[in-house]
Amino acid sequence: MHIAQIAPLTEAIPPKLYGGTERVVSWLTDELIALGHEVTLFASGDSVTTAKLDAIWPRALRLDGSVRDPNALHMAMIERVYRRAGEFDILHCHLDYYPFSLFSRQTTPFVTTLHGRLDLPEHQPVFDTFSSVPVVSISNAQRRPLPQANWVRTVLHGLPERLLMPRPAKPSYFAFLGRIAPEKRVDRAIRIAEHCGVPLKVAAKIDRADREYYEEQIEPMIRSSKVVEYVGEINDADKAEFLSGAIALLVPIDWPEPFGLVMIEAMACGTPVIVYNRGSAPEIIEEGLTGFVVEDDEGAIGAVDRLGQLSREKIRRRFEERFTARRMAQDYLAVYRTLAANTESHLRLVTHQAPAL
């Protein structure tokens with residue numbers, strides 16, 4: 001198949017540092033090519049990919065201080081894809097609902113993976129209006145607020161099988177990985193570590209929108225704590241060592257997490273996960289096998305005592321069974337083929353029913 005992957009311009013493909021959606025698009029693109037398909041990637045010009053790259057802008061927008069209106073560049077990219085749509089067998093979008101209206105007005109089949117939260121009230125009229133547009137969820141939990149959407153499949157994320165491997169290390173600390181934001185609740189991780197008397201290493205990005213939250217609430221906790229070390233934002237090359245050295249990854253989320261990529265990154269390194277029961281958590285972490293799903297701080301502290309029951313080798317094996325990029329790509333190919341076949345059937349039906357002149 002000739003597949004178009006349409007990525008956000010916010011980060012490069014793959015991102016230099018933080019960027020879950022862009023990282024998944026990179027892994028998916030490379031696996032589709034490895035499986036023998038032709039892929040054109042619409043993304044920023046500093047992307048590194050085995051696909052054919054079509055770049056509307058030379059740099060990722062988060063790292064380009066000259067861009068003040070990112071919507072303008074995304075709209076230009078969507079129009080470019082629309083004009084080239086006839087070159088492809090399928091258009092796969094990762095831009096939320098932005099392409100729905102335009103792409104519904106052309107004949108190439110398209111699908112959108114929804115990567116973010118969907119429980120905001122303003123989402124309801126969008127998906128009422130575009131209830132026939134095919135969409136993919138990244139967990140079953142993500143679907144709950146929008147039963148009216150045209151869900152065609154849930155495809156759990158996957159990462160390259162050997163991207164993150166267990167490293168020889170004596171686990172000696174708790175890990176927090178990702179982003180410092182109110183919904184990620186690093187404050188809970190700090191309290192758990194202090195209660196248990198275990199060091200906590202925080203490897204996390206701080207977005208501009210969350211800077212005030214960090215400075216007013218989290219930074220004072222870190223300064224006053226004797227167990228917390230703020231490592232800062234890390235890249236893929238650093239993650240295997242960081243996660244392998246952890247007794248457990250703490251994921252004390254307080255929002256309906258659509259997936260939570262850090263959980264499968266930890267699993268790839270054989271590291272147990274203690275996650276709060278929100279959103280997709282129970283779909284990813286298997287209780288007593290790859291970690292523990294808890295309701296509150298007390299449950300998390302109790303789970304720490306049970307970490308010795310888990311096998312890091314079995315956690316790695318479960319990652320290989322459920323969360324590789326190859327499995328993810330094969331799931332998406334099944335979606336593409338179904339949509340392409342349905343489109344062909346619809347076009348044949350329309351042609352056969354056309355009135356004679």
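The following legends describe close-up views of a predicted model.

Residues are numbered from 1 along each chain as its sequence is written, and side-chain values use heavy atoms, with hydrogens and water left out. Because the model is predicted, local features need pLDDT of at least 70 and side-chain atom pairs count only at pLDDT 80 or more, whereas totals for chains, interfaces and linings use all residues.

View 1. Strand S11 spans residues 246-251; helices (H or I, at least four residues) and strands (E, at least two) are DSSP runs, numbered from the N terminus. Five of the six residues of S11 are buried, so this strand is largely enclosed by the rest of the structure. The term buried denotes under 20% relative accessible area, exposed over 50%, and partly exposed the range in between (1.4 Å probe, protein chains only). Strand S8 (residues 173-179) pairs with S11 in the parallel sense over three bridges, and Phe-174 has Ala-248 of S11 as its bridge partner. Pairing of two strands requires that DSSP find at least two bridges between them. S11 also pairs in the parallel sense with strand S12 (residues 273-276), over three bridges, with Val-251 opposite Val-275 in S12. From S11 the chain passes through helix H8 (residues 261-268) to S12, in a right-handed β-α-β crossover. Right-handed here means that, with the strands pointing away from the viewer, the path from the first strand over the helix to the second runs clockwise. In a regular strand the side chains alternate between the two faces of the sheet.

**View 2. The salt bridge between Arg-23 and Asp-236.** A salt bridge is a side-chain nitrogen of Lys or Arg within 4 Å of a carboxyl oxygen of Asp or Glu, and by this rule the count comes to 31. In the pair formed by Arg-23 and Asp-236, the closest N and O atoms are 3.2 Å apart. Arg-23 belongs to helix H1 and Asp-236 to helix H7 (residues 236-244), so the pair ties together parts that are 213 residues apart in sequence. Both Arg-23 and Asp-236 are buried.

View 3. Arg-185 lies in the loop between S8 and helix H5 (186-196). Its phi is near 55°, a positive value in a residue other than glycine. The relative accessibility of Arg-185 is 18%, so this residue counts as buried. The side chain of Arg-185 meets that of Asp-187 in a salt bridge (2.9 Å, N to O), and Asp-187 is buried as well. Salt bridges link Arg-185, Asp-187, Arg-188, Arg-191, Asp-254, Arg-278 and Asp-297 in a network.

**View 4. The salt bridge between Arg-117 and Asp-119.** The side chains of Arg-117 and Asp-119 form a salt bridge at 2.8 Å, N to O. Arg-117 is partly exposed, with a relative accessible area of 33%; Asp-119, with 35%, is likewise partly exposed.

View 5. Met-75, Tyr-97 and Tyr-98 form a nonpolar patch on the surface, with about 290 Å² of accessible area together. Patches consist of residues with over 30% relative accessible area and no salt bridge, like charges being joined within 9 Å and nonpolar side chains (Val, Leu, Ile, Met, Phe, Trp, Tyr) within 5 Å. Accessible areas come from the Shrake-Rupley method with a 1.4 Å probe; for residues, only the protein chains shown count as cover. Met-75 is located in helix H2 (residues 70-84) and is partly exposed, at 44% relative accessible area. Asp-96 is found in the loop between strand S4 (90-93) and helix H3 (100-103). Phi of Asp-96 is near 55°, a positive value in a residue other than glycine, and this residue is partly exposed at 31% relative accessibility.

**View 6. Ser-44 and its polar contact.** Ser-44 is placed in the loop between strand S2 (38-43) and strand S3 (52-55). With a relative accessibility of 0%, Ser-44 counts as buried. Its side chain makes a polar contact with the side chain of Asp-46 (2.6 Å). A polar contact is a pair of N or O atoms within 3.5 Å; within protein, one must be able to donate a hydrogen and the other to accept it, and residues adjacent in sequence count only if both atoms are side-chain atoms.

**View 7. The cis peptide bond at Pro-14.** Ile-13 and Pro-14 are joined by a cis peptide bond, with omega about -10°. Pro-14 lies in the loop between strand S1 (2-6) and helix H1 (20-34).
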